[in-house]
Amino acid sequence: MRSVTVVGASLAGLSAVRALRAEGFEGDITVVGKELHLPYDRPPLSKEFLKGNLDAEALALSEPYEYEDLEANWLLGESAVRLDPGARTVTLAGGQELQSDGVVIATGAAPRTLPAADGLAGVHTLRTLDDALALRAELLDGMPRVVVIGAGFIGAEVASTAHRLGLHVTVVEALDVPLERQLGRDMGLLAASLHTDHGVDLVCGTGVTGFAGEGRVAGVHLADGRTLPADVVVIGVGVRPATDWLVDSGVELDDGVVCDAGCATSVPGVVAVGDIARCPNPFTGRHARIEHWSNANEQSRTAIRTLLTGVSAQPPATAPYFWSDQYGVRIQLAGHVPAGARPRIVEGDVDSRSFAAVYEIAGEPVAAVAMNQPKLFNRLRRKLTPALAAVAS
Amino acid sequence: MITVCRIDDLPPGESIRVTEGVPAPVAVFHTEDGEVYALDDTCSHQDASLSDGWMEGCFVECPLHAAFFDMRTGNPTCAPAKFPVRTHQVSVENGHVLLHISVGEPA
C-alpha cells in the first residue's frame with residue numbers, strides 16, 4: 001500500500017493519520033476536511049468555549065511540529081461527494097479526483113434538525129467550531145431567552161452553559177425521562193434533576209410542533225398547546241451519520257457504515273472510523289455506532305492495522321467511555337447500560353451529586369457511572385466485565 | 001517547602017491533591033513501586049485533576065481523556081495531551097512527605 005486517503009479531518013481522521021505513521025506507513029497520506037479548520041477538539045464547544053473562556057487556538061488537537069512529522073497533505077474546505085469502490089477514487093465537490101490504495105472513511109455525523117426551523121434566524125445546532133461561534137455570539141448579545149430542544153448530553157451542556165451566562169433557559173425533551181436509553185431510568189431522572197437543581201425549566205414528555213416568528217425565531221410551539229417565548233433556540237436532538245457521499249459506492253450502509261470488528265467495510269481497502277462506523281463491539285456485544293470522543297481517538301489503531309495488513313484486526317475489549325460536564329457536575333459512563341438495569345451505588349450518594357455506581361448482569365459489573373468521582377470511576381471502569389462474558393457466566 | 005502528609009497516610013497506589021501554600025494545585029503520587037512524584041495537578045490538555053488519575057508504574061493517566069504522563073519528567077506519552085505538566089521536587093523525610101515547590105520548566 002503506497003497511498004491512503006482519509007476522508008474527514010476531525011479527531012477520528014487525525015487519529016487515523018497518527019496510526020498510519022505509528023504503524024510505519026511511509027506512503028502518501030491525503031486528508032480531506034469539509035471545514036477550513038485543522039482538527040480541533042469538539043467537547044469544549046458546548047462548555048468552556050461556548051461560554052467564551054477559551055479561544056479557538058486552545059482547541060487545536062495538534063501542533064505544527066506534529067503536522068511536520070506526519071507529512072500528510074491536508075485538503076481543507078473540501079467535501080467528498082463520491083467514492084468509486086473499484087479504484088478507490090474519492091471525488092471532491094470541486095471535481096478533483098483522489099485515487100489511492102486505501103481509503104479511511106471518517107466523515108462523522110451531522111446534527112439532526114427540525115424542518116420547521118429551516119431558514120429561521122436564531123435557531124442553532126451545535127457540532128462545529130463555526131456553529132459554536134455563531135451560537136456564542138447570540139448568547140453573549142444582551143440577555144436572550146434560550147430554549148434548548150432535546151435534553152441529551154449536548155442539549156444539557158448548552159443549557160448549563162447558557163444558565164452560567166445568567167440567561168433564562170428552558171429545556172424541552174420529547175421523552176418522559178431524558179437520557180433513559182443511555183443511562184437507564186434512575187440516572188436519567190437524576191440527570192433531569194441537574195437542570196431543576198439550578199432553576200432551569202425542564203419540560204419532559206412534550207414534543208415541539210413548530211416555531212413562532214417571521215424570519216427570526218420568537219418562540220417554540222409545544223405539542224401541549226403552549227408557546228415558549230425564545231430569542232435563541234438550540235436543537236440538540238441527535239445526529240445522523242454523514243453517509244450521503246457513499247450512497248451507490250458499494251459500501252454497505254445502515255445507520256452508518258457497516259463494519260466488522262476490525263473496522264473493515266464491505267469494500268476491500270476501505271475502512272471506517274469514529275461516529276460513522278458501525279462495528280460489533282467486543283465489550284458490549286452490540287453492533288452500534290459509538291459517538292464518543294474516546295472511540296474516535298482510539299478506534300483508528302484497529303482500523304489502520306486492518307487497512308495495512310488486509311486482515312481484520314482484533315479491537316481491544318475495553319468498555320466504551322464518555323463524560324459530560326454540566327452544572328459543575330462531571331458525569332462519566334463506561335460500558336453499555338443494559339435495558340431495565342438498576343444502578344448499584346458503590347460509594348457516595350446521589351443527593352450530593354457525588355457517587356459512583358455499577359450496573360450488573362448476573363452479578364458481574366458491565367457498566368459504571370459516576371458523578372464527580374473520577375478517581376473511583378476509573379477504578380471501577382477497569383474492573384468491568386465484557387457484557388458478553390457476563391451473559392455467558 | 002510544604003509538609004504534605006505522613007507517608008503512612010499515602011500508601012503505595014495513592015495520590016493526594018495539594019492546594020495550600022502552592023501557586024497552583026499539585027498532585028503528589030506514591031507509586032506501587034514505592035517512588036514518590038509530584039506534578040502540577042491540572043492536566044495540560046483540559047480541566048482534569050491528575051491526582052484523580054490512574055497510576056501505572058511511573059505513569060499517570062488523566063482521569064478524563066486517558067492521556068498518559070511520565071511522572072519523572074511531566075511529559076505526555078500520547079494524545080490528546082500535547083504539552084508537559086511541570087514536575088516538582090518531593091522527598092520523604094522522617095516519615096513525612098515534603099514538597100519543594102519549583103517554578104521551573106519540566107525536566
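Predicted model: local features only at pLDDT ≥ 70, side-chain atom pairs only at ≥ 80, totals over all residues.

Visitor: What makes A:Val366 count as buried or exposed?

Guide: A residue is buried if 20 or more other C-beta atoms lie within 10 Å of its own; A:Val366 has 27 such neighbours, and therefore it counts as buried. Leaving aside residues up to four places away in sequence, A:Val366 touches A:Gly335, A:Pro338, A:Tyr359, A:Glu360, A:Ile361, A:Leu384, A:Thr385, A:Ala387 and A:Ala390. As for A:Pro386, it is 20 residues from A:Val366 in sequence, while their C-alpha atoms are 6.1 Å apart in space.

Visitor: Why is A:Tyr327 called buried?

Guide: The cut-off is 20 or more, and A:Tyr327 has 20 C-beta neighbours inside 10 Å, so it counts as buried. A:Tyr327 is placed in the loop between β22 (321-326) and β23 (329-335) of chain A, and its phi is positive, about 55 degrees, although it is not a glycine.

Visitor: How do you know whether B:Asn94 is buried or exposed?

Guide: Exposed means 12 or fewer neighbours, and because B:Asn94 has 8 C-beta neighbours inside 10 Å, it counts as exposed. B:Asn94 also has a positive phi, about 50 degrees, without being a glycine, and its place is in the loop between β8 (87-93) and β9 (96-100) of chain B.

Visitor: And what makes B:Gly34 buried or exposed?

Guide: With 9 other C-beta atoms within 10 Å, B:Gly34 is exposed, since the limit for that label is 12 or fewer. B:Gly34 lies in the loop between β3 (26-30) and β4 (36-40) of chain B, and its C-alpha atom is separated by 8.6 Å from that of B:Gly13, 21 residues away along the chain.

Visitor: Which residues have the most contacts inside the largest nonpolar core?

Guide: That core has 140 residues, and those with the most contacts inside it are A:Ala16, A:Val104, A:Val233, A:Val273, A:Ala367, A:Ala368 and B:Val28. Helix α1 (residues 11-22) of chain A gives the most to this core, with seven residues. In soluble globular proteins, nonpolar side chains tend to be buried together. For B:Val28, the residues touched beyond four places in sequence include B:Val4, B:Ile16, B:Val36, B:Val90 and B:Leu99.

Visitor: What makes you say that α1(A) and α7(A) cross, and which hand does the crossing have?

Guide: The axes of α1(A) and helix α7 (residues 293-309) of chain A come within 8 Å and cross at roughly 35 degrees, and the crossing is right-handed. On the side of α1(A), the contact includes A:Leu11, A:Ala16 and A:Leu20, and on the side of α7(A), it includes A:Trp293, A:Arg301 and A:Ile304. By class, this contact has nine nonpolar, four polar and one charged residues.

Visitor: How many residues of chain B are in contact with chain A?

Guide: Residues are in contact if their C-beta atoms lie within 7 Å, and nine residues of chain B are in contact with eleven residues of chain A. The side of chain B that touches chain A divides into six nonpolar, one polar and two charged residues.

Conventions
Residues numbered from 1 in each chain as written. Chains lettered and ligands numbered in written order. Contact = placed C-beta atoms within 7 Å. Nonpolar A, V, L, I, M, F, W, Y, C, P; charged D, E, K, R; others polar. Helix = DSSP H or I, 4+ residues; strand = E, 2+ residues; numbered from the N terminus. Core = buried A, V, L, I, M, F, W, Y, C linked by C-beta atoms within 7 Å. Axes fitted to C-alpha atoms, helices over the stretch in contact; angles between N-to-C directions. Left-handed = near helix turned anticlockwise from the far one by under 90°.
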